[in-house]
Amino acid sequence: MHAFLFMKIDIELIRNILYKGGYLEWDKASLEGIAECYTFLEQFASNKIIYGINTGFGPMAQWRVADDHLRDLQYNIIRSHATGAGEALDDFSVRASMLARVGSFAQCKSGVHPELVALLTEFINRGIYPFIPKHGSVGASGDLVQLAHIALCLIGEGKVHYQGEWRKTREVMNECGLQPIHIHIREGLSCTNGTSVMTGISAVNQIDAENLLHLATISAVWMNEIAGSYDDLMAAPLNEARRHAGQIRIAEQMRQMSQGSQRLQKREAKLYDDAHKDVQVFKDKVQAYYSLRCAPQILGPIADTLAYSRQVIEEELNAASDNPIVDPVTQNVYHGGNFHGDYISLEADKMKIAMVRLAMISERQLNYLCHDRLNGILPPFLNMGTLGLNYGIQACQFTATSTTAECQTLAMPNYVHSIPNNNDNQDIVSMGTNSAELCTQVINNCYQVLSVLFLAMAQAVDCLGIADQLAPATKAQYDAIRAITPTIIEDTPFYEDLVNIEAYLRSIK
């Protein structure tokens with residue numbers, strides 16, 4: 001018996017491979033462990049009844065499969081379950097899903113032949129993306145349908161997205177000098193059984209959600225600079241008194257981002273001396289509106305939510321989510337439900353709700369900028385043209401508001417929604433992949449809302465002529481937006497500018 005040190009897959013590795021040109025490399029211990037697990041299963045399976053090796057699948061497990069049909073059994077689960085519908089998952093989600101499957105195999109508890117892991121790694125590193133439809137998983141025996149579409153390509157069938165084109169899998173494999181996997185013992189079941197698609201999508205969502213939180217934190221500082229707020233809203237004693245780690249961390253980041261700002265005011269210099277004793281009505285607001293002043297308290301819970309979701313996702317990336325579990329250490333095969341997607345489903349819903357809240361505070365900040373009777377310092381809708389003749393960003397606000405409203409509608413948790421199926425074998429399911437996909441939709445919406453907000457904040461800076469008074473961190477964002485689109489005076493279509501701003505915001509990760 002051996003204890004193996006396995007390759008670890010985490011969010012940073014996925015970020016590196018998805019966005020920075022990194023490649024997946026195997027450590028020697030993992031490869032040896034996979035081979036030893038396969039050898040153990042090959043020996044152990046003789047004269048034993050093991051689910052999915054010599055039995056049918058799901059409710060069909062009560063039927064034994066004859067020895068001369070065992071290879072067909074593995075091919076049949078792949079072909080019969082490649083039944084997804086809808087649009088294809090994007091390349092990032094597909095690649096992350098394959099990485100998650102590699103992470104599961106790397107635990108050396110699946111009993112698969114090493115050639116399966118080798119081919120899956122080639123797909124990842126060469127940018128060969130199996131066609132995976134968005135719809136099909138109930139997240140109970142994992143992502144059976146979507147994983148079957150990956151497996152279909154690994155046996156040389158189906159289609160893949162390669163170098164920007166959809167092509168037959170076998171053609172691309174021949175071009176790359178790759179051979180389809182062979183069925184040895186249980187490769188068909190192991191390929192299709194597990195939480196890897198919901199986990200891969202969630203890993204991509206985690207990267208984007210963390211980026212959005214970073215952008216929202218910058219926005220919080222920038223908005224308070226525009227408003228000329230008192231800076232004690234981000235003070236350490238204030239926020240530490242609340243005790244929550246996320247709020248404390250957001251306030252600290254805001255203090256760092258605001259360093260060098262000439263726009264934020266000191267309360268002790270304006271209101272804590274005798275200069276105010278004859279003033280009856282204060283020109284500057286004693287306290288800013290909640291969407292500005294309460295940013296640490298609103299973004300803090302989002303930060304805490306994302307910190308925990310990262311932990312859960314990384315645990316799942318390095319989890320054996322197969323069934324049964326093949327354990328060469330204890331010399332046994334265990335039947336259970338590690339493929340059930342509740343962990344990911346719950347975190348995806350929590351992340352989704354947190355991102356809806358992020359969209360909401362961003363939309364309210366935008367409303368502050370557009371509403372001259374609220375801010376008291378800016379023209380209506382940041383209109384630098386002729387009032388009545390020109391409209392500024394009035395219609396851009398419509399887009400952000402409607403998109404935020406859609407987010408609120410999508411906030412309903414999917415984790416609490418279960419429909420029994422599979423002859424009630426799957427009598428309670430996680431809907432984890434649906435949860436992850438709905439979270440993706442909310443994240444995409446958040447980028448659109450923030451694109452309008454960043455456009456508006458840059459315009460507000462120009463309305464006030466305060467670009468040189470901003471903190472270096474927010475001035476860098478102003479400069480980036482102005483490199484994309486100029487100051488708005490005459491009416492112009494905004495849709496291409498918003499697309500370009502969104503692309504910029506996504507690139508920050």
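Trainee: Leaving aside neighbours within four places in sequence, what is Ser141 in contact with?
Mentor: Ser141 is in contact (heavy atoms within 4.5 Å) with Thr192, Asn193, Gly194, Phe339 and Gln426. This is a predicted model, where local features need pLDDT of at least 70 and side-chain atom pairs count only at pLDDT 80 or more, while totals for chains, interfaces and linings use all residues. Residues are numbered from 1 along each chain as its sequence is written, and side-chain values use heavy atoms, leaving out hydrogens and water.

Trainee: Where does Ser141 lie, then?
Mentor: In the loop between strand 3 (133–135) and helix 6. Helices (H or I, at least four residues) and strands (E, at least two) are DSSP runs, numbered from the N terminus.

Trainee: And is Ser141 buried or exposed?
Mentor: Ser141 counts as buried, because its relative accessibility is 12%. The cut-offs are under 20% relative accessible area for buried and over 50% for exposed, with partly exposed in between (1.4 Å probe, protein chains only).

Trainee: Okay, over to Met431. Where is that one found?
Mentor: In the loop between helix 17 (394–410) and helix 18 (432–464). Met431 has a relative accessible area of 7%, so it is buried.

Trainee: What does Met431 touch, again skipping neighbours within four places in sequence?
Mentor: Val138, Gly139, Ser345, Asn414, His417 and Ile419. Ser345 is 86 residues from Met431 in sequence, yet the two are 6.6 Å apart in space, C-alpha to C-alpha.

Trainee: You mentioned Cys108. What is its phi?
Mentor: Near 60°, a positive value in a residue other than glycine. Most residues other than glycine have a negative phi. Cys108 sits in the loop between helix 4 and helix 5, and it is buried, with a relative accessible area of 3%.

Trainee: Which peptide bond is cis?
Mentor: The one from Asn323 to Pro324 is, with omega near -5°. Pro324 lies in the loop between helix 14 (295–317) and strand 6 (325–327).

Trainee: Last topic, cavities. How many are there of 30 Å³ or more?
Mentor: One. A cavity is a set of points on a 1 Å grid over the protein atoms alone where a 1.4 Å probe fits but cannot get out, and lining residues have an atom within 4 Å of a point. The largest cavity holds about 40 Å³ of space, and that volume is the space filled by probe spheres set on points joined across faces, edges and corners.

Trainee: Which residues line the largest cavity?
Mentor: Arg101, Phe105, Leu116, Leu120, Leu147, Ile150, Leu154 and Cys191. Helix 4 (91–105), helix 5 (114–126) and helix 6 (144–154) each give two or more residues to that lining, and helix 6 gives the most, with three.

Key: On a 1 Å grid over the protein atoms alone, a cavity is a set of points where a 1.4 Å probe fits but cannot get out, and a pocket is an open set with protein on both sides within 12 Å along at least five of seven lines; lining residues have an atom within 4 Å of a point.
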